[in-house]
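Visitor: I am new to this structure and would like to learn how to read it. Please show me, feature by feature.

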Amino acid sequence: MAKHEGVEEVKLARRIASGKVILIRNVKLPDKVSAVGLGLTTKVNVNIGTSSKVVNLEAELEKVKIANKWGDTLMDLSTGGDLDKIRRAIIRESKLPVGTVPTYQAFIDSFKKKGGGGAYFTEDELFDVIERHLRDGVAFMTIHAAVTRELAIKALRSDRVIPIVSRGW
């Protein structure tokens, strides 16, 4: 990684030890790695993913091929279709570290199980999704730690096409 980044190994090691640089990877997939932080090259993160309106795995895998050529990391933001199957296919085809937003899947899974009025997930349900993503080879995650029950209700009752702020239209 030091050679790839054009940084002395000792300097990179010190920055990692001090928290100024991180290595993004999953221990199951050590060849898919990217370094981010102080004094390193700028990274291109490619966002892809299905939606509740469009589920086309082949199109997403085409995007993975493009990301492999031009990106440094890949973020699967899928919210429609078989999320486990989609995520696993994306990880399998990606040459890059893949990230996800497990909160999306926890919410969607809970909605499917409990219906519209019960689309609230427990801490254990969220951690189950996080662990599933990690077992599949996810290298990094966006965790919406500030989402409360009250904020989720407000989002669901809004007039937004997609009520989650980070994905709204």
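This is a predicted model: local features need pLDDT of at least 70, side-chain atom pairs count only at pLDDT 80 or more; totals for chains, interfaces and linings use all residues.

Visitor: In what order do the 4 strands form the open sheet?

Guide: Strands (E, at least two residues) and helices (H or I, at least four) are DSSP runs numbered from the N terminus. Two strands pair if DSSP finds at least two bridges between them. Here the order is 3-4-5-6, with parallel pairing. Strand 3 and strand 6 (140–141) are at the edges with a single partner strand each, so one side of each has no neighbour in the sheet.

Visitor: Which residues stand opposite each other in the paired strands?

Guide: Strand 3 is joined to strand 4 (residues 73–76) by 4 bridges, and the two run parallel. Isoleucine 48 faces aspartate 76 in strand 4. Strand 5 (residues 98–100) pairs with strand 6 over 2 bridges, also in the parallel sense, and there glycine 99 stands opposite phenylalanine 140.

Visitor: Which residues make up the covered face of strand 3, and which the uncovered one?

Guide: In a regular strand, side chains alternate between the two faces of the sheet. In strand 3 (residues 45–48), Val46 and Ile48 form the covered face, and Asn45 and Asn47 the uncovered one.

Visitor: How many salt bridges does the count come to?

Guide: A salt bridge is a side-chain nitrogen of Lys or Arg within 4 Å of a carboxyl oxygen of Asp or Glu. By this rule there are 10 salt bridges. One of them joins glutamate 62 and lysine 65, at 3.2 Å from N to O. Both residues belong to helix 3 (residues 57–70) and are 3 residues apart, about one turn of the helix.

Visitor: Is arginine 15 buried or exposed?

Guide: Buried means under 20% relative accessible area, exposed over 50%, and partly exposed in between (1.4 Å probe, protein chains only). Arginine 15, in helix 2 (residues 9–18), is buried yet has no salt bridge. Lys and Arg count as positive, Asp and Glu as negative, and His and the chain ends are not counted. The nearest side chain of opposite charge to arginine 15 is glutamate 5, 8.2 Å away.

Visitor: Which residues form the nonpolar patch on the surface?

Guide: Patches are made of residues with over 30% relative accessible area and no salt bridge; like charges are joined within 9 Å, and nonpolar side chains (Val, Leu, Ile, Met, Phe, Trp, Tyr) within 5 Å. Areas come from the Shrake-Rupley method with a 1.4 Å probe, and for residues only the protein chains shown count as cover. Met1, Ile16 and Leu23 form this patch, with about 220 Å² of accessible area together. Methionine 1 counts as partly exposed because its relative accessibility is 32%.

Note on methods:
Residues are numbered from 1 along each chain as its sequence is written. Side-chain values use heavy atoms; hydrogens and water are left out.
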